[in-house]
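Let's take a look at how a protein chain wraps around its ligand. Have the structure open while you read.

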Amino acid sequence: MNSFTIRREAEADIPAIRDLTSRAFVDKPYSRQREAAIVERLRDADALTFSFMAVKGASLVGHIAASAVKISDGTGNWFGVGPISVAPERQGEGIGSLLMQRALQELREMGAAGAVSVGDPTFLGRFDFVDAPDLRLPGMDPQYFRALPLADTTLPTGTVWYHDAFVV
Ligand SMILES: CC(C)(COP(=O)(O)OP(=O)(O)OC[C@H]1O[C@@H](n2cnc3c(N)ncnc32)[C@H](O)[C@@H]1OP(=O)(O)O)[C@@H](O)C(=O)NCCC(=O)NCCS
């Protein structure tokens, strides 16, 4: 039986997170393969809202991060969920779903107003992320950009800025 534990990252996990994140995004059309660096830059800037790992035994098999975003209409308390990575050889086993559910639970418990994410629209749609035509992430093909109101009941409008750590 597959059983995975979700826990917060610790200092000793940093090299494994870097390696996993690098491997997960190879060949993804919405990626410039900068995600491993982004996670490190967020951590270094003390801007990781959270960083959860999925582990099986002693092995890291998945990771998800979140950080605050800014929105040009002044809406506050929204967060970018991601990067999310599952080890290529363990994809399709439910690990990504567990990580996303844990991340959204954490955001709800924090009282977050909403979340945005970049990635596969089918995967994100499973967690009720929706197309947000009035919300724009500069430089990103809109088909890969999705939003999910949490405490807010409506989608904001305007431009979204992730933390500077994403500019690599
Ligand atoms: C996307 C990702 C995080 C999903 O993790 P995972 O552990 O493979 O996902 P799960 O096993 O929980 O899959 C949940 C469902 O989503 C589907 N799914 C998973 N990855 C998908 C993808 N890239 N495109 C479409 N559907 C996907 C699965 O088929 C599964 O559906 P099913 O239950 O009907 O079979 C993982 O594939 C990954 O690391 N991808 C590379 C990095 C990446 O693209 N990150 C951004 C993603 S938004």
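Predicted model: local features only at pLDDT ≥ 70, side-chain atom pairs only at ≥ 80, totals over all residues.

## Who surrounds the ligand?

The ligand has 21 residues around it, and the closest are Tyr30, Val86, Gly94, Gly96 and Ser97.

Residues are numbered from 1 along each chain as its sequence is written, and side-chain values use heavy atoms, with hydrogens and water left out.

## Polar contacts and cover

Which residue puts a polar side-chain atom 2.6 Å from a ligand oxygen? That's Ser97. Gln91 also has a polar side-chain atom by a ligand oxygen, at 3.3 Å, and Ile95 brings a backbone N or O atom to 3.4 Å from one.

On its own the ligand exposes 860 Å², and the protein buries 74% of that (Shrake-Rupley method, 1.4 Å probe). Elements giving two or more residues to the shell are β5 (78–86), α3 (95–110) and α4 (121–125). These are DSSP runs numbered from the N terminus: helices (H or I) have at least four residues and strands (E) at least two.

## The annotated domain

UniProt, in an unreviewed entry, lists residues 4–151 as "domain: N-acetyltransferase"; such annotations may be inferred rather than shown by experiment. Over that stretch the chain is 28% helix and 31% strand, with the end C-alpha atoms 29 Å apart.

Notes:
Near = heavy atom within 4 Å. Polar contact = N/O pair within 3.5 Å; in protein donor to acceptor, adjacent residues only side chain to side chain.
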